[in-house]
Amino acid sequence: MERPSQIRTTLPFDLSTGVQNLLTIENFKGNVSSHDFVENVSQGVMDKLDKRDQKAIFDPKPFIRTFENVLDELNILQRNVQEQCDELESSVQVAELQYKKSVIELQGSFDEVYRSYDSLESRIGDVGKTAIRIGEQLETIDKQRSRALESRDIIEYYMEFQEDSSERLDSLRYHGGDEGQLKAAVIARRLNAVAKEVDANNGAKDFIEKFCESFEKEMLEEFDKAYKEGDPRIMAHCAKVLFEFNGGASCIQTYVNQHEFFMSNMKIEEMEDMRYSEDHTQLSDPYHSPPEVDTSLVKLYDDIRITVRREVEIITNVFPQPATVMQVFLQRIFEQSIQDHVERLLIRAESISNLAYLRTLASTHAGTKRLIENLKFYCDKEASFTNNVDVNGLVASTSPDQTLDRCMADLFVPYTEGQRYLTREKATLNELFGSIVSEFLNYMQQRKKVSVRNQSVLTRTLNQISASASSGGASPITPSFVNGDVNGVSSPNNPSERTPEMKKAITNLVKVDDNGFCLLSNDAIIRIANIHAEAIIRCVELTGSQDVPSSIETMYALLVDFMDMKYLEIVLDEVIEELGNSKVEPEMTCFPVIKTTTQIIQLLQQHFQTAVVPLVGGSPSVYKKVLTTKNGFMSSLEQKVNIVLQKIVDGVNYWLGEILSRQKKNDFKPKDEEVVMMSMGTQPCIQSLEFITRVYNAARTTLQGKNLELFLLLIGNSFHLLLLAHFKKYPVTPTGGLLVTKDIAKYQEMVRMFKLPSLDDRFEMLRQIGNIFLVKPEILRSILSEGYLARLDPSSLYPYLERRVDFKSAKLDRVLGISVDETSVVTKASTDVGGKSQRRSLFVNDNAVLKEMMKSYKNNREFLSAFSIT
């Protein structure tokens, strides 16, 4: 709404028409740019100035006046707009009040309408309830009327049967079509029930029973004929009639009994005889992987799958209660075909061996479980039996899934109930493990006849193995090695490559040293692990999930018992006993034994992680027991191995000392021809090198990493101390000094094989000590002032100098500043006490080699005594 413009004072500088056009409300609707507005206003002023004088200097006054007028106009425009907004707001408030008043009035009207509808709905509900009561009464009356009519018909039919006539029922039966036969079946069923309750007339009762028998017989014959002709429509009609007549039991039995599947599987015994010669050798061979499901059983299960898949559709289309028929059909398959076949297979396998029996049981269980899953799929997916109700809407029977689960349980309960399976599995493991371990025990018996104690231990262990095997129904163990020669040749890994002669000659033992000491071969140990792994797979297959952890615990304890008490414990005790005799050269047998023990520990640890832990991890208590068993087993073996290693170190040290004691007194005072003969080293040197080389080669193939380094370090340190004491004992001529340095050089070369820097430094010091015997007296002082010798206490070098034959004649004691009195007591010059002792102390503190050497001694006195005369 436009308002008349207010009267304003005429300004000396009026706005142009273009600027006035900009000052309208329409120009400010929408998005307005202030920059563009100012630019348009300024443009009009610029145009005026250009028309007046283009060369005039810029004058700001026109711009100021123009913008002042524009601001005045904008203020007036703002006031006009604000007045319009105020008027519109007032109008809106009036409209809102009117709207709220109208809404309140309408709300009251709607409430009245709602109340009217509620009243109408209540009245309609009352009418509906009345109608329902009337309907129920009418339905009850109709049922009573129908029942009365049916009762009247039954009475009339019964009266006809009293007169020995069934004309009406026969007419309904033969001329009423399908519906007539269905109605005749219902009437006959009711007449038969009435006849059983009424005792007035036996003639009518007999006539009714004969009629029912005739009716059922004719319907069964018609069903059988249609079944043979493959007419599902007539079969379905007959089945429906018979289900109304007597529940259909006779119809179901006829269908199942005459099914071609049960007729064709009567020759299963011939198939079994054919299969007997094909599988039984592999079943009982632990060298061979377990065979798959018996081929005759596979063929039977394939026939069952095909038959059930075909019959599911037929049964669904023919019978009013397909689930009941399928239940009877499946039960008959399990009772007549599967159960008989499984029993024959297990009886045959049991006659072969325990292993054959368990393998057959496990494979049969797995194959049957797969069959059950397939049959469930056919019944649930291809033909739904979930709505398992009869024509009256009542539940007829259990579902096919429940029937199959019950058949599966009933089939294997006789073989897996309680502890039956686990007892037989333990007996089989005892038998198979015993057949392998007993070969070693018999070998040990032949080897240890001279030791009564060990003989009794071995005999007792063999008796325990035989008793364990025989108590579980296993055949007694017949060891394959009795007084036989063990050639140590491994048999082919592929069982199919073994000829019958090779199988007879297979031995589980292998030679591990030149003296003929034998241990179980790696193949035998791996075979034991494979046998146990196969048993675990059977246990998972045949044992309930809640019993698997405890069963695995029992089986693992059995494996540990054989590997520990019946094998490794005996071997390690034998080695410890042999190493206990320190008066003879130690045998290298201990190293293959340690290697075998280490390999078995690693194998059983891997077996524990991969096969045992996943199955017992879900039961914390069982897992703790199994872990304790495993850790105890390995800890016991590690302790025994440490004892063996300590024994071999002591034995090596003793024998090295024994070899060095064979050094003749004048070996280092040779004649010229003797020098030539001993150019390769003295005899003790050669023998000790050969012995240490044998020890090194044996240890290198057995020990690894830090264990090998520590073992070689112990041997090297001990040998170094023996040599230090050894060279103090024998007089040395200048020519003999050459032999001494040759011996030491060979020792040093041998030690370099160990690749241990600390030992290299020790034997380098020994080489420098050997040079004392070789150099001339005049240059001896310079030798003693170089290398390790310069840093040792002179008194520690004195015993070596004293062995030189020119010690007194050359007055070598003066080289060290040491005098010898008549009682052969070594005394130091007073001038050397401070300097030499201080130099030695600094050397010991600063030199890493001597620091390492001093770790073997409690104090400096013991360290120096290794170099002094005792």
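Predicted model: local features only at pLDDT ≥ 70, side-chain atom pairs only at ≥ 80, totals over all residues.
Residues are numbered from 1 along each chain as its sequence is written, and side-chain values use heavy atoms, with hydrogens and water left out.

**The overall view**

Switch to cartoon and you have 32 helices and 4 strands. Both are DSSP runs numbered from the N terminus: helices are H or I with at least four residues, strands are E with at least two. Of the 870 residues, 43% are buried. Here buried means under 20% relative accessible area, exposed over 50%, and partly exposed in between (1.4 Å probe, protein chains only). Among contacts (heavy atoms within 4.5 Å) with a separation of 6 or more, 74% join residues 24 or more positions apart.

**Stop one: helix H7**

Select residues 232–246. At 1.5 Å a residue, the 15 residues of H7 should span 21 Å, and the end C-alpha atoms are 21 Å apart, which agrees. The expected span is 1.5 Å times one less than the number of residues. Buried residues in H7 include Met235, His237, Cys238, Phe243 and Glu244. Step just past the helix to Gly247, which takes a positive phi of about 90°.

Next, pick Phe261, in helix H9 (residues 260–264). Is Phe261 buried or exposed? With a relative accessible area of 5%, Phe261 is buried. Show what surrounds it: leaving aside residues up to four places away in sequence, Phe261 touches Leu300, Asp303, Ile304, Thr307, Ile333 and Ser337.

**Stop three: H11 against H12**

Now select H11 (residues 295–318) and H12 (residues 322–352), which pack at an angle of about 170° with their axes 11 Å apart. Axes are lines fitted to C-alpha atoms, for helices over the stretch in contact, and angles run from 0 to 180 degrees between N-to-C directions. That makes H11 roughly antiparallel to H12; angles under 35 degrees count as roughly parallel, over 145 as roughly antiparallel, 65 to 115 as roughly perpendicular and the rest as oblique. Residues making the contact include Leu300, Ile304 and Thr307 of H11, and Ile333 and Ser337 of H12. By type, the contact divides into 16 nonpolar, 5 polar and 1 charged. Nonpolar covers Ala, Val, Leu, Ile, Met, Phe, Trp, Tyr, Cys and Pro; charged is Asp, Glu, Lys and Arg; the others, Gly among them, are polar.

**Stop four: H20 beside H23**

Jump to H20 (residues 590–616) and H23 (residues 683–702), at an angle of about 5° with axes 9 Å apart. H20 is therefore roughly parallel to H23. Phe591, Pro592, Ile594 and Lys595 of H20 meet Val695, Ala698, Ala699, Thr701 and Thr702 of H23. This contact has 6 nonpolar, 2 polar and 1 charged residues.

Select residues 705–726 for H24, whose 22 residues should span 32 Å; the end C-alpha atoms are 31 Å apart, which agrees. Among its buried residues are Phe711, Asn717, His720 and His726.

Finish at Lys755, in the loop between H25 (734–752) and H26 (757–771). Lys755 has a positive phi of about 60° although it is not a glycine, and at 69% relative accessibility it counts as exposed.
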